[in-house]
Amino acid sequence: MYYQDTGGRQILDAAAGLWCVNAGHGREEIARAVSDQLLTLDYSPAFQMGNPVTMEAAERLARLLPDGLDTVFFTNSGSEAVETALKIARTYHVARGEPHRTRLIGRNRGYHGVNFGGLSVGGIARNKQGFGPLLAEVDHLVDTHDLQRNQFCKGLPEHGAERADDLLRLIKLYGAETIAAVIVEPVAGSTGVLVPPQDYLDRLRAICSAHGILLIFDEVITAFGRLGAPFAAQRFGVTPDLITMAKGLTNGVIPMGAVGMVGSIRDTIFAAAPDGIELFHGYTYSGHPVAAAAAIATLDIYEREDLFARAAGLASRWTDALLTLRNEPHVIDIRTDGLVGGIEVAPGDGGPGKRGFSIFQACYARGVLTRVTGDIIALSPPLIVTEDQIDQIVETIVTVLRAAA
Ligand SMILES: Cc1ncc(COP(=O)(O)O)c(C=O)c1O
């Protein structure tokens, strides 16, 4: 649960590094698996062949995925997983004889990594500036944030399911027959923790299904127990067609991402290429055996220590603890789900983001690592966090907020 700074001070990790160290730091089982793998099979090509350890990682992952998603494509990061999913969505429609379905729909405030596809469907304006034209034929849904109606809500926000109907506006504008896929984060993380309103994801699912549009959940931060279930899809009871993931897949120790997909997408793409290469896409390090070994060891820990259930069990304690901050200086909203929390403060006199950043710095100075985005402090501790450590995180933030008042 701790880092040590260069002066030897203990820093409690309330951010799981960068939303990835779900099993906590210094897990010897993972280090040993990596080291053993390096001495067994250090590399093998992923094109036209496979190896047992990568196959095992794929099988293990497929068992965790929601029912119906039984196929895995490995990448090396969340950004690559997003690019891969977007390309699979387009090529799937080509394979099924609808090549004009090329449009990709993201959502305002969405974050899908830093490559051109992910940037294009992403909805954070600053991330796009300075890089020239992005993908054409992309549009965005309205975001789900409704501070006025859902402020300080406990549990999923009551208001906002109707925002999924914004997809109907885009369908009317462009025609469903031009839209390949919709990609959303079930809980938007990087923009500052936006939890989906009740029934929002179900509604989005229903509209996509009714119009032949693929639904992609970007679960790079929500997978692997963050919300108390293997994936957010299971947490919310909504099954997408594709899921992107990374981070907690290897507990953050070795770069690895993946795309999970329903078998019918794989079958359709394979059927369209009976004699050749099915998907002209892949990376030198796709399914790298060392990353695969790290993933298997990580999944072993999650299973053995029942960490997803642990997160689910702590969720209400976590929410109650964070909500005690609601009357502290500057706090204008608190959003939680599973072991994620977002504390939004009013912008200070120095302009947007300044107060958030100074709170982040002051927490670090007091021995707690958080994450800041604008004026929102984002929290996502490793799933092994104890109740005492939750209290320490909250008490540190209280002290910092009061000192800043
Ligand atoms: C939802 C989401 N998608 C994609 C990414 C990009 O992942 P990576 O930084 O591994 O490329 C992130 C990273 O935080 C993310 O939160």
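This is a predicted model: local features need pLDDT of at least 70, side-chain atom pairs count only at pLDDT 80 or more; totals for chains, interfaces and linings use all residues.
Trainee: Is A180 buried or exposed?

Mentor: Buried means under 20% relative accessible area, exposed over 50%, and partly exposed in between (1.4 Å probe, protein chains only). A180 counts as buried because its relative accessibility is 0%.

Trainee: How many residues apart in sequence are A180 and A161, and how far apart in space?

Mentor: A180 and A161 are 19 residues apart in sequence, and their C-alpha atoms are 22 Å apart.

Trainee: Now the ligand. Which residues surround the ligand?

Mentor: A residue is near a molecule if one of its heavy atoms lies within 4 Å of it. Around the ligand you'll find S77, G78, S79, Y111, H112, G113, E185, S190, D218, V220, I221 and K247. By class, that shell has three nonpolar, six polar and three charged residues. For the classes, Ala, Val, Leu, Ile, Met, Phe, Trp, Tyr, Cys and Pro count as nonpolar, Asp, Glu, Lys and Arg as charged, and the others, Gly among them, as polar.

Trainee: Which atom of the ligand does a polar side-chain atom of D218 lie 2.7 Å from?

Mentor: A nitrogen atom of the ligand. A polar contact is a pair of N or O atoms within 3.5 Å; within protein, one must be able to donate a hydrogen and the other to accept it, and residues adjacent in sequence count only if both atoms are side-chain atoms. S79 has a polar side-chain atom 2.6 Å from an oxygen atom of the ligand. For K247, a side-chain N or O atom is 3.1 Å from a ligand oxygen. Taken alone the ligand exposes 390 Å², and the protein buries 83% of that. Those areas come from the Shrake-Rupley method with a 1.4 Å probe; for residues, only the protein chains shown count as cover.

Trainee: On to charges. How many salt bridges does the structure hold?

Mentor: A salt bridge is a side-chain nitrogen of Lys or Arg within 4 Å of a carboxyl oxygen of Asp or Glu. The structure holds 25 of them. One is between the side chains of R60 and E303, at 3.6 Å from N to O. That pair links distant parts of the chain: R60 is in helix α3 (residues 52–64) and E303 in helix α12 (residues 289–304), 243 residues apart. R60 counts as buried because its relative accessibility is 11%, while E303, at 58%, counts as exposed.

Trainee: Which residue forms a salt bridge with E98?

Mentor: R101, with the closest N and O atoms 2.9 Å apart. Both E98 and R101 are buried.

Trainee: Why does the pair of R203 and D165 tie together parts that are 38 residues apart in sequence?

Mentor: Their side chains meet in a salt bridge at 2.7 Å, N to O. R203 lies in helix α9 (residues 200–210) and D165 in the loop between α7 (147–150) and α8 (166–174), so the pair ties together parts 38 residues apart in sequence. R203 is partly exposed at 33% relative accessibility, and so is D165 at 26%. Elsewhere, salt bridges that share partners join D143, D146, R149, E162 and R163 into one network.

Trainee: Backbone angles next. What is the phi of N251?

Mentor: About 60°, a positive value although N251 is not a glycine. N251 is in the loop between β8 (242–245) and β9 (257–262), and is buried, with a relative accessible area of 2%. D306 also isn't a glycine, and its phi is positive, near 50°. D306 is in the loop between α12 and α13 (307–323) and is partly exposed at 47%.

Trainee: Last one: which backbone oxygen does the side chain of T54 reach?

Mentor: That of G287, at 2.7 Å. T54 lies in helix α3 and counts as buried at 13% relative accessibility.

Methods
Residues are numbered from 1 along each chain as its sequence is written. Side-chain values use heavy atoms; hydrogens and water are left out. Helices (H or I, at least four residues) and strands (E, at least two) are DSSP runs, numbered from the N terminus.
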